[in-house]
Amino acid sequence: MARVLSKKRIVRRYAKNPIITNDMIPYSCRGVYNSSAVKYNGKYLMILRCEGYNLLDYFMVAESADGYDWSVRRDIIPMPDTEEFRHFGHNYYDPRITRIGDTYYITFCCHAEEARMALMSTKNFESFQWEGFLTGAGYRNTVLFPEKINGLYTALERPNSVGSIWLTQSPDLVFWGKQKPVLWAGKHSVGVWGIKKIGPCGTPIRTKKGWLIIFHGVETICDYEYLYHTGVMLTDLKDPSRVIRVGTEPILSPEMPYELCGHAPNVVFSSSQIVEEDGSVKLYYGASDRYQCLAETTVDLLLEAALER
């Protein structure tokens with residue numbers, strides 16, 4: 001018999017979703033979604049994934065005083081004007097911001113014939129430094145941990161060939177290795193809601209009990225339709241490749257009209273979360289590859305989802 005859980009809500013959607021739409025973008029835009037938010041100098045900033053009607057993406061910065069009501073700056077974040085980037089960065093998308101020290105690192109996916117991960121950095125969200133490509137072909141969803149682990153920069157990533165979450169480490173953010181599997185997609189390791197593929201979402205959250213890792217899981221219906229869910233797991237602080245437990249049900253699944261209907265129906269896709277001083281969490285997520293949305297929870301509730309549900 002399948003385990004029956006209570007109806008307790010781990011996350012609650014913001015009542016005024018979506019918080020950012022294509023109408024707020026000053027350029028041709030059919031969707032803004034899968035964006036990444038962070039707090040900087042007392043304000044909330046978000047790097048937006050904006051998709052034009054030509055199906056090519058560009059990044060912009062939005063800002064907010066409270067994390068709910070947003071305005072969009074007019075400038076587009078520039079990308080490198082090199083032959084290598086013009087080829088591999090034919091399209092780019094899904095930024096993820098991680099602060100390490102006084103630097104904010106932004107990982108994002110570039111896509112030509114195949115996907116590969118790239119890195120840029122900023123200290124002020126006015127100017128951006130190109131750091132280079134992090135991977136070869138065939139990787140997506142790379143996100144950095146907010147601190148070195150055992151003296152090494154550490155990241156989660158998803159090799160497309162296996163559709164599962166792996167850990168990798170680097171001494172300098174340039175040379176990466178020591179790959180270890182963290183969590184495999186599948187009904188026995190995750191659940192039917194992550195049977196097709198999984199991937200890390202925002203920056204892992206350090207707690208006394210371990211690293212809280214929010215991740216997406218993809219379910220297939222009748223071998224033709226994808227449903228994107230959001231789940232959570234807890235891993236060891238000293239060895240994040242060691243999973244303590246995976247929550248057995250998603251914390252967020254597509255249910256609302258703006259999540260069910262869009263350019264990619266039935267999708268909730270988180271790329272970031274902000275942990276406030278009181279332990280509350282703002283979870284920013286894309287809906288149906290069209291809208292930028294917000295849900296709210298707490299660190300304690302996420303731990304409960306990972307360890308008890």
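Reply: A residue is called buried under 20% relative accessible area, exposed over 50% and partly exposed in between (1.4 Å probe, protein chains only). The model is predicted, so local features need pLDDT of at least 70 and side-chain atom pairs pLDDT 80 or more, while totals for chains, interfaces and linings use all residues. Residues are numbered from 1 along each chain as its sequence is written, and side-chain values use heavy atoms, without hydrogens and water.

At 42% relative accessibility, Trp184 falls in the partly exposed class. The ring of Trp184 has its centre 5.8 Å from that of Trp166, and with the two planes at 80° the pair counts as edge-to-face (rings of Phe, Tyr and Trp, the last by its six-membered ring, pair with centres within 6.5 Å; planes under 30 degrees apart are stacked, over 60 edge-to-face, the rest tilted). Trp166 belongs to strand E13 (residues 165–170), whereas Trp184 sits in the loop between E14 and strand E15 (197–200), so their pairing ties together parts 18 residues apart in sequence (strands, E, of at least two residues, and helices, H or I, of at least four, are DSSP runs numbered from the N terminus).

The sheet to which E13 belongs is open and built from 4 strands, ordered E11-E12-E13-E14, with antiparallel pairing (two strands pair if DSSP finds at least two bridges between them). Its edges are strand E11 (139–144) and strand E14 (177–183), and because each of these has a single partner strand, one side of each lacks a neighbour in the sheet. E11 is joined to strand E12 (residues 153–159) by antiparallel pairing over 4 bridges, and Leu144 faces Ala155 in E12.

The loop between E13 and E14 holds Leu173, whose phi is positive, about 70°, although the residue is not a glycine. Most residues other than glycine have a negative phi, and most peptide bonds are trans. With 11% relative accessibility, Leu173 counts as buried.

Phe125 is located in the loop between E9 and strand E10 (129–133), and with a relative accessible area of 2% Phe125 is buried. A cis peptide bond, with omega of about -10°, connects Asn17 to Pro18, and Pro18 lies in the loop between E1 and strand E2 (31–32).

One cluster, linked by ring pairs, contains Phe59, Phe85, Phe88, Tyr92, Phe108, Trp130 and Phe133.

Another open sheet of 4 strands runs in the order E1-E22-E21-E20, again with antiparallel pairing. Here strand E1 (12–13) and strand E20 (268–275) are at the edges, and each has a single partner strand, so that one side of each is without a neighbour in the sheet. E20 pairs with strand E21 (residues 280–287) in the antiparallel sense over 7 bridges, and Ser270 is placed opposite Tyr285 in E21.

As for helix H3, 7 of its 10 residues are buried, so H3 is largely enclosed by the rest of the structure; among the buried ones are Val299, Leu301, Leu302 and Glu304.
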